[in-house]
Amino acid sequence: MAVASARPADAPASTGDPPPDRAAARAAARSRQALVLVGLAVVLVCAAVLAVALGSTVIPVRTTIAALPWVGDTLAGWPVIGGGVPDEADRQIIESLRVPRMVTAVVVGASLGVAGALLQGALANPLASPDVIGVTAGSGFGAMIILLAFPNAVTLVPLSALAFGLLAAGLVFAVAWMGRGGGSILRLILAGIAIGAVFTAATTGLMTAFPDRVSTAIFFIAGNLNEDGWSVLRQVWYYPVAGLVLAAFLIRPLDRLALGDDVAQSLGVRPRAIRLAAAAIAALLAAAAASLAGLLGFLGLVVPHAIRLASGTSSHRFVVPASALGGAALLLVADIISRRVAAPLALPVGPFMVLLGVPLFLWLLRRASA
Amino acid sequence: MSTAATRPDRAATPPRVDPIVRASGVDVRLGGTGIVHGADLALRAGRLTAIVGPNGAGKSTFVRAVAGLLRPAGGTIEWDGEAIDRVGQRRLARLRAFVPQRPAVPVGIAVHEAVMIGRSPRVGAFRRPGRADREAVDDALARADALAFSERQMTTLSGGELQRVQLAIALAQGAPVLIADEPTSALDLGATATMARLLRRLTVEGLAVLLVVHDLALAAAIADEVVVMHEGRTVAAGPPTDVLDRERLARVWRVDASLHADADGRTALQVAWLDERGPGTTGRADGPDAPPAADASPGADASPGAGARGGTGAADAPDG
């Protein structure tokens with residue numbers, strides 16, 4: 001009988017007959033994603049230039065562009081934006097103060113955006129942010145212990161924030177992964193909340209013990225970029241850079257994890273290992289961000305969601321890099337506002353990031369559910 | 001052989017090929033409790049094997065161990081002649097695809113994106129999926145009859161559509177062995193029949209298919225071989241109508257029931273649902289006082305393309 005090779009007569013009707021609008025639907029989805037990426041990139045570049053130009057003193061954009069390392073030479077002959085002539089003072093301010101501040105904002109924004117995207121993917125939980133794995137509380141404590149108890153060693157704040165952030169995350173992982181049933185999402189989140197509470201309590205204890213010094217810590221708690229030049233970046237730059245590079249290796253495994261642990265395992269990844277790696281890299285990024293700019297954890301929660309809402313996809317191949325762009329752009333714009341609102345007084349960037357991010361986020365949320 | 005006669009497409013499958021998967025004496029313990037004890041199984045290309053058994057018999061656990069999702073406490077599981085713990089996750093991902101019982105439904109992922117994720121074991125790390133991969137995704141969607149909704153979001157699909165997408169994700173892996181844990185348990189009659197036809201067709205195309213099935217009539221209709229599990233042991237294996245006889249149904253499931261399969265591939269399970277003599281009864285129960293026989297079968301037609309349609313709408317009449 002030759003039945004085995006015969007195509008089934010009752011094969012479902014739609015097989016091999018794709019609807020004609022399939023390619024169009026895919027192209028529309030792709031162009032929407034491209035639009036989001038390009039939009040973010042444009043905002044990021046413009047904000048980067050403006051962040052250098054606008055500070056307590058305003059430097060004209062043309063002058064700013066001319067003073068930027070390598071960018072100035074490349075764009076010298078361009079109409080409108082080329083041909084500025086910076087004087088030595090402008091150069092000094094731009095190169096030693098404003099560019100490092102701008103770079104710090106980009107690194108911090110990108111780190112927190114990626115940290116949030118990794119955690120939300122790894123924990124399959126839309127509420128995940130660096131806060132839930134204890135990093136924020138740990139970093140806060142690390143900074144406070146220096147600022148309040150050892151104010152003479154203020155240069156150690158970044159390293160202490162980094163170290164305690166990683167310590168807190170390490171404790172959370174140890175508790176969450178030990179013993180039977182370790183590595184479950186619920187256990188990780190509950191361990192994060194518990195360990196975070198310990199560090200928050202310790203921070204409160206410190207504030208009670210040194211009430212007269214608390215005011216010096218407000219900028220760190222609020223989230224703040226400052227004009228320390230390159231010194232802090234030079235100390236810690238490799239942590240966020242390493243975190244961002246490692247995050248790229250997790251994009252595809254996280255996409256598999258989105259199909260559930262069983263399917264992910266069927267596709268050749270170990271769900272627990274991926275979850276641990278993603279959480280560890282997110283902890284590294286968030287702790288590094290805290291060491292550079294204080295507690296801005298909210299950015300990590302809101303930016304990946306905004307990216308998903310705007311682009312219509314949750315694929316990590318898109319969300320992780322776009323969250324890096326989006327986080328950097330949001331923090332840069334917020335930083336510009338925070339410096340101009342009460343100029344020449346610079347306010348902490350954190351509240352402005354929230355003021356800017358939340359309405360944007362709520363608008364996207366409303367539009368998506370409409 | 002009676003099964004070969006009832007299902008013509010099966011007569012054409014190669015009678016004896018070396019198994020791709022061989023499990024013998026498999027023990028699995030979960031949290032200190034023994035769940036599977038000395039279970040055996042062999043999977044061959046072009047053969048559909050259904051594991052049946054009561055709730056808690058260890059079917060899912062055994063299948064997960066065979067698929068490499070659980071580490072067995074004892075026994076041997078060989079893939080391609082090699083012990084499973086030496087095969088490695090990455091190679092295993094190219095040998096078998098696993099469709100779980102309750103798949104996660106990702107938010108914000110379109111069907112074709114999910115199927116492309118299924119393709120990922122075949123796409124090199126850090127390489128973008130190429131034309132061949134996109135064609136493989138379309139092929140998987142077509143074979144799973146999911147092409148019509150390939151652009152929709154996963155969250156908008158019905159249960160039957162979702163299960164076909166899961167099948168497409170598994171097919172995109174391009175593995176010679178397909179393992180599915182109760183792929184039809186949440187589906188209505190029509191969706192179950194569609195899934196049965198798809199699985200049968202994939203088998204005819206050459207896949208080795210392993211299913212956990214609760215519906216015995218369905219198992220009898222689509223399987224070349226059924227393996228009966230009872231209290232963690234594989235107690236019988238063979239052609240469905242040979243294995244699922246009245247005595248075994250009484251012993252393993254503790255019901256008075258009989259399985260009927262007729263020449264055109266229709267199957268029915270006749271159960272004395274309310275028979276108080278119930279458990280362990282091996283005698284005839286369909287006397288005049290017996291409740292009317294109920295047909296629990298989804299009526300899956302398992303012989304796609306089979307030329308020989310036996311009778312004219314042969315009824316699922318009891319043969320007693």
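Local features require a pLDDT of at least 70 and side-chain atom pairs a pLDDT of 80 or more, whereas totals for chains, interfaces and linings use all residues. Residues are numbered from 1 along each chain as its sequence is written, and chains are lettered from A in the order in which they are written.

The secondary structure of chain B comprises eleven helices and 13 strands (DSSP runs numbered from the N terminus: helices are H or I of at least four residues, strands E of at least two). Of the 320 residues in chain B, 53% are buried, that is, 20 or more other C-beta atoms, placed from the backbone, lie within 10 Å of the residue's own.

Strand 9 of chain B (residues 225-230) has five of its six residues buried, so the strand is largely enclosed by the rest of the structure. Two strands count as paired if DSSP finds at least two bridges between them. Strand 9 of chain B pairs in the parallel sense with strand 3 of chain B (residues 48-52) over four bridges; there, Val227(B) is the bridge partner of Ile51(B). Strand 10 of chain B (residues 233-238) runs antiparallel to strand 9 of chain B and is joined to it by five bridges, with Gly238(B) opposite Val226(B). Two residues lie between the strands of this hairpin, in which Glu231(B) adopts a positive phi near 50 degrees.

Confidence is described here for chain A. Its average pLDDT (the predictor's confidence in each residue, from 0 to 100) is 86, and 93% of the residues score at least 70. Over residues 1-17 of chain A, pLDDT stays under 50. Where pLDDT is low, the predicted coordinates should not be read in detail.

Methods:
A residue is buried if 20 or more other C-beta atoms lie within 10 Å of its own, exposed if 12 or fewer, and partly exposed in between; C-beta atoms are placed from the backbone. Two residues are in contact if their C-beta atoms, placed from the backbone, lie within 7 Å.
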